[in-house]
Amino acid sequence: MQSPKLLVQGVSKSFCQGRQALEILRSIDLEVATGEFIALIGPSGCGKSTLFNLIAGLEQPDSGLLAIDGDVEHQRTGKAGYMPQQPLLLPWRTIEENVLLGLDVRHVPRQRAREQARELLQRFGLADFAEQYPATLSGGMRQRVALLRTVLFHPHFLLLDEPFGALDALTRLSCQMWLLDLWQQVAASVLFITHDVREAILLADRIYILSARPARVLRVAEVELERPRSAAQLAEAPALRLEQELMALLLKEQTV
Amino acid sequence: MKLRWLANYGPAFVLALALAAIWEVAAQANLNLAQSLPSPSAVVQAFVLNWVAIYDNTIPTLMETVLGLLIATVLGLLLAIVLDLSFWTRRAIYPWLIISQTIPIVALAPLMLIWFGFTITPKIVVVMLYCFFPIAVATADGLASAEPDLLKLLKSMGASRWQTLWLVRLPGALPSFFSGLRIAATYSVTGAIAGEFVGAEHGLGIYMLTATNSHALPVVFAAIVMTALLSLALFGLVNVMEHLTLPWYHASRADLLPGRQPRH
């Protein structure tokens, strides 16, 4: 049997805060199969970003097991395309140069990196901006560029931490559809953090719902909507039922 | 473009002209004053009459300044990177950097003369001592101000410490570096003059000193004007270099700078 893209088994993590230990994650189990789009929802401050840091190899768990492509032993940094909440484009690099940042880290020759970045920008409708600096772009465009940077660094496994959280509703919807298109074209496995239940339903194959801190997996919900998805599906009965159900679950967890 | 230039520099120019006019009238009216404070026209006259001598003495001063500034830039950058290497290097070096600036550099100049003789070297060292500090401190601050999330992103890509420095932190510190370099450039000519005051064969500093000793006050002022022009030229050169190196920085900030007139 092929090993899953990501396997998280019984992962726990605590931080020291002053003299007392603060438990963030309690025995998390999670799995992302190859090509799957998984969403992760939880109340704010529940430790979703900590889980991401663990998966991206920026921190190590106290206990439990993390494996990308079934590899438990080696370092996880560089094995996933990690996209933080802010686009974090480098203002001194053009859009094209920002997209190929990950290839610079890998010492890919500039000419080849440039070609790949150009091809990707072309394919996803951003070629016109290739030579511009990030300062001239709108918020939605910057997020798209950041996503392409993530994809070019690691096209097979994307860790997206609330990428569209700061965008207005309309821009967000257009970015979501764009992401779905991208996901299908590059056949990536995606783990997507969000606050937004509707966003999770629109995008994901499966949704993991986390509890308030310390975070446990409360529920795993299958999203049985046909693909390719459209915003209209959110207004149909199955999506609405799921939305109500998940909202109720999350509201109970919201402490404030 | 031309209008903008006029709007930027016109007011200062008009003010200078007005002050010079008042000075001129006062000096013409009162001859006693003219003996201790030469009128602008006398200074201009001295400048023209002594142009060859002033020019001959400007060249060595300029050499000392530029060489000292170059060495200070390299040294300042290296120091900034070393400061930034770890918590401990910063703790060990930073206090000494500050203490080095409490020493009156002018007092060191005679020592330099003893150590290095009547050559160009002691002047270069004095310029360097004046200039490395603003460059080192500004660049170190720039390096320290890198966005933590950006560093996290680079780490997630598996970037090494040097890659992070080269790809993210150094380019991000360049605007700060240029701020430091601008300050250093304005100090640098003063440093060269101070170095020459102690003892030199050529240079604007020693030229001024000789002119003062022979009570040729207009000539002293003419040399001071030349010094100021030199400083302004270096300052301008740094600005031009910054614009060429950081086109993105000015493009993204053009509308944010305070005190700039709206474009309507």
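## Chain A at a glance

Among contacts in chain A between residues at least 6 apart in sequence, 71% link residues at least 24 apart. The model is a predicted one. Chain A holds eight helices and nine strands. Of its 256 residues, 41% are buried.

The C-alpha trace of chain A spans about 50 × 45 × 45 Å along its principal axes. Its radius of gyration is 18 Å, which agrees with the value near 18 Å for a compact globule of 256 residues.

## Two domains in chain A

Chain A splits into domain 1 (1-80 + 155-256) and domain 2 (86-153). Taken over C-alpha atoms, the centres of domain 1 of chain A and domain 2 of chain A are 25 Å apart. In their contact, domain 1 of chain A supplies 13 residues and domain 2 of chain A supplies eight.

Which helix gives the largest share of the domain 1 side of chain A that touches domain 2 of chain A? Helix H6 (residues 169-186) of chain A does, with seven residues. The residues on that domain 1 side comprise 11 nonpolar, two polar and no charged.

## The largest nonpolar core

The largest nonpolar core has 74 residues. Those with the most contacts inside it are A:Ile38, A:Leu159, A:Phe192 and A:Ile207. Helix H5 (residues 139-153) of chain A gives the largest share of this core, seven residues. Domain 1 (1-80 + 155-256) and domain 2 (86-153) of chain A both contribute residues, so this core lies between them.

Leaving aside neighbours within four places in sequence, A:Phe192 is in contact with A:Phe37, A:Ile38, A:Ala39, A:Leu40, A:Leu160, A:Leu203 and A:Ala204. Another core lies apart from the largest one. This other core has 51 residues, among them B:Ala109, B:Val126, B:Tyr130 and B:Tyr207. In soluble globular proteins, nonpolar side chains tend to be buried together.

## Backbone details in chain A

Two cis peptide bonds deserve a look. One runs from A:Arg213 to A:Pro214, with omega near -5°. A:Pro214 sits in the loop between strand E8 (206-210) and strand E9 (217-222) of chain A. The other cis bond runs from A:Arg227 to A:Pro228, with omega near -5°. A:Pro228 is in the loop between E9 and helix H8 (237-253) of chain A.

Next come two positive phi values. A:Leu88 is not a glycine, yet its phi is positive, near 50°. The residue A:Leu88 belongs to the loop between strand E5 (81-83) and helix H2 (95-99) of chain A. Is A:Leu88 buried or exposed? A:Leu88 counts as buried because it has 21 C-beta neighbours inside 10 Å. A:His107, also not a glycine, has a positive phi of about 60°. Its place is the loop between helix H3 (101-105) and helix H4 (110-123) of chain A. A:His107 has 8 C-beta neighbours inside 10 Å, so it counts as exposed.

## Chain B, built from helices

Chain B has 12 helices and zero strands. Its C-alpha trace spans about 75 × 60 × 30 Å along the principal axes. Of the 264 residues in chain B, 32% count as buried. Among contacts in chain B between residues at least 6 apart in sequence, 75% join residues at least 24 apart.

Helix H6 (residues 105-116) of chain B has 12 residues. At 1.5 Å a residue it should span 16 Å, and its end C-alpha atoms are 16 Å apart, which agrees. Just after H6(B), B:Gly117 has a positive phi of about 75°. B:Val137 is in helix H7 (residues 121-144) of chain B. B:Val137 is buried, with 21 other C-beta atoms within 10 Å. B:Val137 and B:Gly180 are 43 residues apart in sequence, but 7.5 Å apart in space, C-alpha to C-alpha.

## Where the chains meet

The contact between the chains takes 18 residues from chain B and 19 residues from chain A. On the chain B side, helix H8 (148-156), helix H9 (161-198) and helix H12 (247-253) each supply at least two residues. H8(B) gives the largest share of that side, seven residues. What kinds of residue make up the side of chain B that touches chain A? They divide into 10 nonpolar, four polar and four charged.

Terms used:
Residues are numbered from 1 along each chain as its sequence is written. Chains are lettered from A and ligands numbered from 1 in the order in which they are written. This is a predicted model: local features need pLDDT of at least 70, side-chain atom pairs count only at pLDDT 80 or more; totals for chains, interfaces and linings use all residues. Helices (H or I, at least four residues) and strands (E, at least two) are DSSP runs, numbered from the N terminus. A residue is buried if 20 or more other C-beta atoms lie within 10 Å of its own, exposed if 12 or fewer, and partly exposed in between; C-beta atoms are placed from the backbone. Two residues are in contact if their C-beta atoms, placed from the backbone, lie within 7 Å. Domain bounds come from an automatic or database domain assignment. Ala, Val, Leu, Ile, Met, Phe, Trp, Tyr, Cys and Pro count as nonpolar, Asp, Glu, Lys and Arg as charged, and the others, Gly among them, as polar. The radius of gyration is taken over C-alpha atoms; the globule rule is 2.2 Å times the number of residues to the power 0.38. The expected span of a helix is 1.5 Å times one less than its number of residues. A nonpolar core is a set of buried Ala, Val, Leu, Ile, Met, Phe, Trp, Tyr and Cys residues joined through C-beta atoms within 7 Å.
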